[in-house]
Amino acid sequence: MKSSPAPRPRPLIGGAALVLLVGGAALALLVFLPMSRARLQRAQSAEVSSLSLSYLELSLSQHPNDVELRKALVQKLFDSGQLDKARATLGPLVAKDAVRDLDAHKTLLALDRARWAAIPAGNSAAREAALAELLQTVRALEALQPPIAELMHLAQLYRELDQPLAAAQLLDRLARRGSADVEARVSDADAAWLAAGEIGQAAELHASLAQTRSGDPAGLAHARQAIERSRSLRDARVTPA
């Protein structure tokens, strides 16, 4: 006579409960352990972006002063197209009372350009509001006095945003700096003033440089340019009979 098989012992914890228990333990570790560089790198390189986003968001909520962690989350949000949320997350790093962080401001500029470009051309009110924010971001970055290459990029951006006067003013300030390529900067500023319709400002720039570099061949060249620009301005003011 065959004996009936012994009944299998019932698990103490059901499958669903076990998943919840393991998940809760992992969450507890995430909450109570400090964010390590290794964990940050794992979150940044995670294949499933939604999981890495959640990981970074939860970590930042526990470590709000971790600058690198905040930047990593901003980049993840940016990459996933969540531009408004990325901008809000970046906020503490670009606030007026924040420590100067050029990279954070450059990220804000990229975000604001993307936000403005994403608005349909037909939505003029929203585009104007986004453009105003974008220009404010450009001016804030300019005020941080980044390297000349960055400032030249901002001048080009001003032109792209149909702000020729702002571009000319920035290039004029660069032209008045003493640098090895000052003549190239002067040429850029002169062209920008003319493009903005400000011939008098171009004349004033050359006159100022002629005075500061008097006795120098370059100073004489600027004096001639000042006279030429002044003559052009005078001719432009003459009203045809």
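Hi everyone. When I say helix today, I mean a DSSP run of H or I with at least four residues, and the helices are numbered from the N terminus. With that in place, I can say that Gln-145 is found in the loop between H7 and H8. We will come back to Gln-145. Please keep in mind throughout that this is a predicted model.

Let's start with the whole chain. How many helices and how many strands does its secondary structure come to? There are twelve helices and zero strands. If you read the elements from the N terminus on, you get α-α-α-α-α-α-α-α-α-α-α-α. The chain has 241 residues, and 31% of them count as buried. Now take the contacts in the chain with a separation of 6 or more: residues 24 or more positions apart account for 47% of them.

Next, some helix pairs. As a reminder, two packed helices are described by the angle between their axes and the distance between the axes.

Take H7, which covers 124-143, and H8, which covers 148-160. Their axes come within 10 Å and cross at roughly 160°. Because of that angle, H7 is roughly antiparallel to H8. The crossing of H7 and H8 is left-handed. On the H7 side you will find Leu-135, Val-138, Arg-139, Leu-141 and Glu-142, and they meet Leu-151, Leu-154, Leu-157 and Tyr-158 in H8. Sorted by class, the residues of this contact of H7 with H8 come out as seven nonpolar, no polar and two charged.

In the loop between H7 and H8, we are back at Gln-145. Phi of Gln-145, though, is near 55°, a positive value. Gln-145 has 46% relative accessibility, so it counts as partly exposed.

H8 passes H9 in a left-handed crossing. From H8, the residues involved are Ile-148, Leu-151, Met-152, Leu-154, Ala-155, Tyr-158 and Arg-159, and they meet Ala-166, Ala-167, Leu-170, Leu-171 and Leu-174 in H9. By class, that contact of H8 with H9 has eleven nonpolar, no polar and one charged residues.

The loop between H8 and H9 holds Asp-162. Phi of Asp-162 is near 60°, again a positive value in a residue other than glycine. Is Asp-162 buried or exposed? Its relative accessible area is 61%, and because over 50% counts as exposed, Asp-162 is exposed.

Which residues of H9 are buried? They are Ala-167, Ala-168, Leu-170, Leu-171, Asp-172, Leu-174 and Ala-175. For the pattern, recall that an α-helix has 3.6 residues a turn, so residues three or four places apart point the same way. The cover over the buried residues of H9 includes H7, H8, H10 (182-195) and H11 (199-212).

That brings us to H11 and H12, with H12 being residues 217-237. The axes of H11 and H12 come within 7 Å and cross at roughly 155°. So H11 is roughly antiparallel to H12. H11 passes H12 in a left-handed crossing. The H11 residues in the contact include Gly-200, Ala-203, His-206 and Ala-207, and those of H12 include Gly-219, His-222, Gln-225 and Arg-229. By class, the contact of H11 with H12 has nine nonpolar, seven polar and one charged residues.

Last stop: Ala-140, which lies in H7. Ala-140 has 32% relative accessibility, so it counts as partly exposed. Where is Lys-96? It lies in the loop between H5 (83-94) and H6 (102-118). Lys-96 counts as exposed, at 90% relative accessibility. Along the sequence, Lys-96 and Ala-140 are 44 residues apart, while in space they are 9.4 Å apart, C-alpha to C-alpha. Ala-140 and His-105 are 35 residues apart along the chain, and their C-alpha atoms are separated by 8.0 Å.

Notes:
Residues are numbered from 1 along each chain as its sequence is written. This is a predicted model: local features need pLDDT of at least 70, side-chain atom pairs count only at pLDDT 80 or more; totals for chains, interfaces and linings use all residues. Side-chain values use heavy atoms; hydrogens and water are left out. Buried means under 20% relative accessible area, exposed over 50%, partly exposed in between (1.4 Å probe, protein chains only). Helices (H or I, at least four residues) and strands (E, at least two) are DSSP runs, numbered from the N terminus. Contact means heavy atoms within 4.5 Å. Axes are lines fitted to C-alpha atoms, for helices over the stretch in contact, and angles run from 0 to 180 degrees between N-to-C directions. Angles under 35 degrees count as roughly parallel, over 145 as roughly antiparallel, 65 to 115 as roughly perpendicular and the rest as oblique. A crossing is left-handed if the near helix is turned anticlockwise from the far one by less than a right angle, and right-handed if clockwise. Ala, Val, Leu, Ile, Met, Phe, Trp, Tyr, Cys and Pro count as nonpolar, Asp, Glu, Lys and Arg as charged, and the others, Gly among them, as polar.
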